[in-house]
Amino acid sequence: MSSSEAITSISLQSLEKLSTGKVRDLFGLDDKSLLFTATDRISAYDVVLSNGVPGKGLILTQISAHWFSVLEKSVPGLKHHLLSLSAPSSAPLTPEERGLLRGRTMVCRRLKVFPIEAIVRGYITGSAWSEYVAHGTVHGIPQPAGLQKCGAFPNGPIYTPSTKAPAGEKDENISPQQAVEIVGEKYAARIQELSLSVYSAAAAYARERGIIVADTKFEFALDEATDEVVLVDEVLTPDSSRFWDATEWKAGTEAPSYDKQFVRDYLTSNGLKGKPNVELPETVVQETAKKYRDVFERLTGNTLDQALAALEN
């Protein structure tokens, strides 16, 4: 990674901090845009861990930017919130603050975020597998009998939304019909349509590079001026997705992953799932950093240093 020390908090003297998420801090720039900054914090099971993963925020930002560029060319009608990868020269930032933000910030449009997470699953694993084993359903949606763990859904990817919980609370799996009740039929239909289109385009792109996108989570917002649904937040990162090596994947067995699952597995096997104030051992931090870096390079075709150097142009 390009940074040997994890940056777990960001404060900017002259910009108002609008919110602090599990990983990101949002700052207001003006009435139409904001700074969307990614720290090196890492969370699992809705709990932020005590120590971060050096350089992680850089990778989340640069891989999201890569995907926005890829997807706007491959998904007809897709709109996203990214305006720029560096704060404007007019922003009241010190040279030190600009250095801190380099590579880990996106200037984004201010939009009204829908209060649901748009999850698309191409393969059955995680909480979806647990529900299927218990009830034969995924997010309450009946599934065919005989599915194998980590196998592809036989009829193609499925849309399985969840609630978007306030900080410190847990997202709750809901059915597509419940999503309609939360955001209304018109917007729910568009979110579902875009989610499946974006997932399909991304999965095909990743598969050409030897990576399976098993599942992923999107967020969308409303551009109230145009009444358009817009893709926002991070996109197809190792924080928001399950990435598997296509050569190592086999239905019926747990696939090695290039994402946050490595941290979840450590917590679960050590009885630390959901516990506060957990500090990851250095070996887990370094292995997580390596997985994030590896999948970044495979998906983008660049090293992180190359991506950061390109920002100067």
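## Local contacts and helix packing in a predicted model

The side chain of Lys164 forms a polar contact with the side chain of Glu219, at 3.0 Å. The model described here is predicted.

Lys164 is placed in the loop that runs between β13 (162–163) and α4 (176–183). With a relative accessibility of 34%, Lys164 counts as partly exposed. When neighbours within four places in sequence are left aside, Lys164 is in contact with Val113, Phe114, Pro115, Ile116, Glu117, Asp171 and Glu219. Lys164 and Gly55 are separated by 109 residues in sequence, and their C-alpha atoms are 26 Å apart in space.

Ser241 belongs to strand β16 (residues 241–245). Its relative accessibility is 5%, and Ser241 therefore counts as buried, the cut-off for that class being under 20%. Not counting residues up to four places away in sequence, Ser241 touches Asp215, Thr216, Leu236 and Asp259.

Leu236, one of these residues touched by Ser241, lies in the loop between β15 (228–232) and β16. Leu236 is buried, with a relative accessible area of 0%. Its phi is near 50°, a positive value in a residue other than glycine. His139 also has a positive phi, of about 55°, although His139 is not a glycine. This residue is found in the loop between β10 (137–138) and β11 (141–142), and at 4% relative accessibility it counts as buried.

Gly77 is located in the loop between α1 and β6 (82–84). At 48% relative accessibility, Gly77 counts as partly exposed. Gly77 and Gly28 are 49 residues apart along the chain, and 28 Å separates their C-alpha atoms.

The description now turns to helix packing. Two packed helices are described by the angle between their axes and the distance between the axes.

| Helix pair | Axes come within | Crossing angle |
|---|---|---|
| α1 (residues 56–74) and α7 (residues 282–300) | 11 Å | roughly 20° |
| α6 (residues 261–269) and α7 | 9 Å | roughly 155° |

For α6 and α7, the crossing at roughly 155° makes α6 roughly antiparallel to α7, since angles over 145 degrees fall in that class. The contact is made by Phe262, Val263 and Tyr266 of α6, together with Val284, Glu287, Thr288 and Lys291 of α7. By class, the residues of the contact of α6 with α7 are four nonpolar, one polar and two charged.

For α1 and α7, the crossing is at roughly 20°. Angles under 35 degrees count as roughly parallel, and α1 and α7 are therefore roughly parallel to each other. The crossing of α1 and α7 is left-handed. On the α1 side, the contact is made by Lys56, Ile59, Leu60, Gln62, Ile63, His66 and Trp67. The α7 side contributes Tyr292, Arg293, Phe296, Leu299 and Thr300. The residues of the contact of α1 with α7 divide into seven nonpolar, three polar and two charged.

Key
Residues are numbered from 1 along each chain as its sequence is written. This is a predicted model: local features need pLDDT of at least 70, side-chain atom pairs count only at pLDDT 80 or more; totals for chains, interfaces and linings use all residues. Side-chain values use heavy atoms; hydrogens and water are left out. Axes are lines fitted to C-alpha atoms, for helices over the stretch in contact, and angles run from 0 to 180 degrees between N-to-C directions. Helices (H or I, at least four residues) and strands (E, at least two) are DSSP runs, numbered from the N terminus. Angles under 35 degrees count as roughly parallel, over 145 as roughly antiparallel, 65 to 115 as roughly perpendicular and the rest as oblique. A crossing is left-handed if the near helix is turned anticlockwise from the far one by less than a right angle, and right-handed if clockwise. Contact means heavy atoms within 4.5 Å. Ala, Val, Leu, Ile, Met, Phe, Trp, Tyr, Cys and Pro count as nonpolar, Asp, Glu, Lys and Arg as charged, and the others, Gly among them, as polar. Buried means under 20% relative accessible area, exposed over 50%, partly exposed in between (1.4 Å probe, protein chains only). A polar contact is a pair of N or O atoms within 3.5 Å; within protein, one must be able to donate a hydrogen and the other to accept it, and residues adjacent in sequence count only if both atoms are side-chain atoms.
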